[in-house]
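Here is a short tour of one model, meant to be read alongside the sequence and the coordinates. Please keep both open as you go.

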Amino acid sequence: MKRIIIFSLLCLSVTLKAQQFKQLAKIKLNEKLEIGQAAWINLNSDTLLDVVITGRNQSGDVKIIALENEAGTNLFERISFVGEIADSRFVLMDYNKDNQIDLLTASGNKVKRFLNQGDFTFASSEVNLPTQVLNAITGDMNNDGVPELITIENVLDKPHVRIYEQVADQYELRADTTGISVTDFKLFDLNKDNFTDIVLTGINPDGHPVTQQWNNRGQFQFTKTSLTTPVSGKLSLLDFNLDGYFDLWAIGLDESGDSVHVKWLNEAGELKFALKTEGIAATKLFSGNYDADNLADQWILGSRGNQKINQIISATDTIQLDTAGVVLIEPGDFDRDGKLDFLQVIDSADGIWLKLYKNLHEVLNQRPLFPAATFGISIFKRTFVFWTPAMDDNTASSSLTYDVWLGDLSKSIFMPSYSFLNGRRSIVDHGNAGTNNSKIYNQESSGQIYYHVQTVDDTYNGSYTDIIYEPGNCPITGPVLACVDLNLETIQACSGNEIVLNLDKNAYWFSTTGKFLGEFSSYAFVADKSDTIFSFVPQSLDCEQHKVWLIDVNDGDVSETKTIYACNGSTIKLGIEPGWDSIRWSTDPIITDLDSISVVITQPQLIQVEASAGSCRLNSSFQIELSKPELSIGTTHFNIQQGESVQFDVTTNATVIQWIPATGLSDVTIPNPIANPVKTTQYVIEVADSIGCKTTGSILVEVRETGFIPDLFTPNSMVITMYYWYTGWHMHHPFGLEFLTAKARLSTKPIM
């Protein structure tokens with residue numbers, strides 16, 4: 001009897017909970033399809049979400065069907081066409097940044113784009129990929145505002161996860177990982193560093209389930225971590241414990257082949273196993289908040305054995321939904337009342353039916369508030385948009401996500417998923433900034449750049465805005481302040497010590513990861529890791545009013561010795577990292593309170609410096625050595641006849657060699673050139689080592705020439721010829737006379 005009573009109460013409970021949703025409409029499609037995918041999407045720029053469905057007809061063609069939302073009460077089939085694609089799966093994204101959500105399909109070796117024209121029609125284009133694609137998602141992995149294509153591929157019977165960057169309307173491969181047959185993958189900034197991370201599940205080469213977290217390090221490089229208690233199945237992300245970090249749910253098969261439901265909590269960016277329960281073989285897993293209780297709920301469609309399961313698991317209850325013929329379920333706010341309704345796709349004997357279920361939960365859910373203060377600044381070759389955390393009536397402030405637009409009046413850099421015409425969400429998804437309080441564009445802004453931030457709650461409801469929407473105009477907040485010379489201060493800190501940063505006026509404070517720290521004139525914190533902190537004075541367009549604090553945290557005392565080579569007579573600069581206190585240099589005289597000094601070097605010496613940062617001490621030693629390149633000249637004086645040559649005999653370890661003058665030398669940049677001057681020349685060699693220290697030397701090459709004076713005649717017909725040798729322009733002894741008659745040379749006499 002006790003069991004019967006309990007069963008009756010359970011049945012009654014399920015019936016009552018199921019009545020929290022009411023069937024609002026039932027629509028039959030015009031054609032029988034094998035359904036592939038369904039999604040909520042705004043297709044005509046009104047305030048309501050429409051529906052796109054794909055499926056394969058009896059002729060084997062994949063059809064794309066668009067249905068219009070009629071006043072939040074019904075759906076009407078507007079267009080149906082053959083997509084000429086191999087697979088029914090698609091991705092929602094604004095490919096051409098026109099504020100209309102498009103469809104992107106990746107199947108076979110083809111990426112095909114269906115560009116939404118805003119009137120339930122599409123313009124298509126396509127591009128080829130090098131291999132066969134099994135599945136794909138898109139996301140901005142490098143903060144340039146252009147989503148990358150992340151694909152699951154099979155190459156030579158080996159599974160691959162590949163990332164393609166969109167370049168000039170084509171896709172170029174940037175990363176390739178092999179070994180995991182992926183069953184599902186999601187994108188989100190899990191560690192709140194402003195880079196989109198990847199989490200995936202599947203089977204490894206040994207046939208075992210694997211669930212991995214890929215933390216994005218930038219430049220398409222990832223730190224990959226395999227999670228404990230892995231499964232192969234479906235994934236879903238939401239902030240389950242309201243700490244601002246998105247957690248992970250998975251339903252799938254574990255190591256034993258059992259269907260399980262596993263939860264990993266995100267502890268400051270690291271997913272850690274938290275819970276494992278009996279699960280089902282899921283075809284759909286969705287996280288959202290259906291009952292506006294500030295807690296995440298799970299929508300699950302699948303089966304357990306021969307029993308079909310369609311249910312919502314909340315923090316306190318499990319709601320059983322209809323299962324007869326259900327092949328798909330898609331939650332979404334159909335009537336814009338702030339609560340998650342849902343669409344069911346039913347495959348029955350007489351065709352494909354769509355059922356709309358309205359959420360009757362009595363708790364109202366208002367649109368979240370927009371951030372009270374925002375600030376955009378372009379510094380450090382990047383553009384930052386910061387904002388204060390927003391508030392919501394049924395979603396914790398820490399769990400809210402944000403959707404950011406950045407651009408000018410002619411183009412968009414970051415394109416959000418809300419309509420510029422009315423501010424309503426265009427799809428059922430989180431904001432592109434995640435739970436961060438900032439968005440970073442990895443380039444400096446040029447010209448007048450503007451921005452706007454929308455808040456998104458966990459029912460995927462977007463905030464009202466602090467701007468006026470006008471047809472054809474982008475929502476504008478800003479502009480971004482371009483600062484070249486920003487007030488910057490470096491602070492050396494000791495781990496565990498308190499640091500206090502002071503200003504003379506109130507400011508908004510953010511960390512480099514975009515975390516909002518608060519509004520105050522003084523910020524105190526305990527140093528645990530190096531960081532960059534920004535303080536922005538509200539509404540100030542004067543760059544000097546804003547400040548950047550570079551926090552360098554040391555784990556303990558710092559001791560270091562550096563050997564520095566310098567040229568004799570040169571002035572060198574010695575320094576330590578800025579931000580240390582109580583600085584003392586062991587110079588004569590002692591120099592204090594300077595993090596860098598200039599020293600004239602005349603001999604080898606040791607200079608030491610001491611400093612402190614809280615309880616940490618710095619001891620640095622600079623051993624200064626004189627640097628001088630070696631130069632050895634074998635012969636410094638040569639005598640040659642004009643037209644002769646000689647090779648110098650020089651040895652040096654210098655990196656730079658230069659002979660002056662260059663006249664008569666075979667090469668002025670080698671130590672032993674061949675010299676063939678036409679006149680006596682003093683050659684100077686200058687050599688320098690790797691740091692520019694110089695040494696010089698010289699070699700004299702004397703060149704001898706023969707000359708003559710016209711013949712002299714004597715009365716007795718003797719011919720006297722005088723000749724001489726000279727060097728350069730100067731005559732040199734000896735010179736002599738030749739005495740000749742008409743018949744013979746009589747003698748030659750040198751004259752000293």
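## Model and confidence

This is a predicted model, in which local features need pLDDT of at least 70, side-chain atom pairs count only at pLDDT 80 or more, and totals for chains, interfaces and linings use all residues. Residues are numbered from 1 along each chain as its sequence is written, and side-chain values use heavy atoms, with hydrogens and water left out.

Confidence is given as pLDDT, the predictor's value for each residue from 0 to 100. The chain has a mean pLDDT of 87, with 88% of its residues at 70 or more. Helices (DSSP runs of H or I, at least four residues) and strands (DSSP runs of E, at least two) are numbered from the N terminus. Of these elements, E13 has the highest mean pLDDT (97), and helix H1 (residues 2–18) the lowest (33).

## A four-stranded sheet

Four strands form an open sheet in the order E12-E13-E14-E15, with antiparallel pairing; strands pair if DSSP finds at least two bridges between them. Strand E12 (181–188) and strand E15 (221–226) are at the edges with a single partner strand each, so one side of each has no neighbour in the sheet. From one strand to the next, the twist averages 20°, taken between N-to-C directions of lines fitted to C-alpha atoms, on a scale from 0 to 180 degrees.

Seven bridges link E12 to strand E13 (residues 197–203) in the antiparallel sense. Leucine 187 is opposite isoleucine 198 in E13.

## Backbone details

Most residues other than glycine have a negative phi, and most peptide bonds are trans. Alanine 168, with phi near 50°, sits in the loop between strand E10 (158–167) and strand E11 (170–178). Tyrosine 460, with phi near 65°, belongs to the loop between strand E32 (450–456) and strand E33 (481–482). Alanine 168 is exposed because its relative accessibility is 73%, while tyrosine 460 counts as buried at 7% (buried is under 20% relative accessible area, exposed over 50%, partly exposed in between, with a 1.4 Å probe and protein chains only).

Aspartate 588 and proline 589 are joined by a cis peptide bond, omega about 5°. Proline 589 lies between strand E41 (581–585) and strand E42 (591–592), in the loop. Another cis bond joins isoleucine 660 and proline 661, with omega about -5°.
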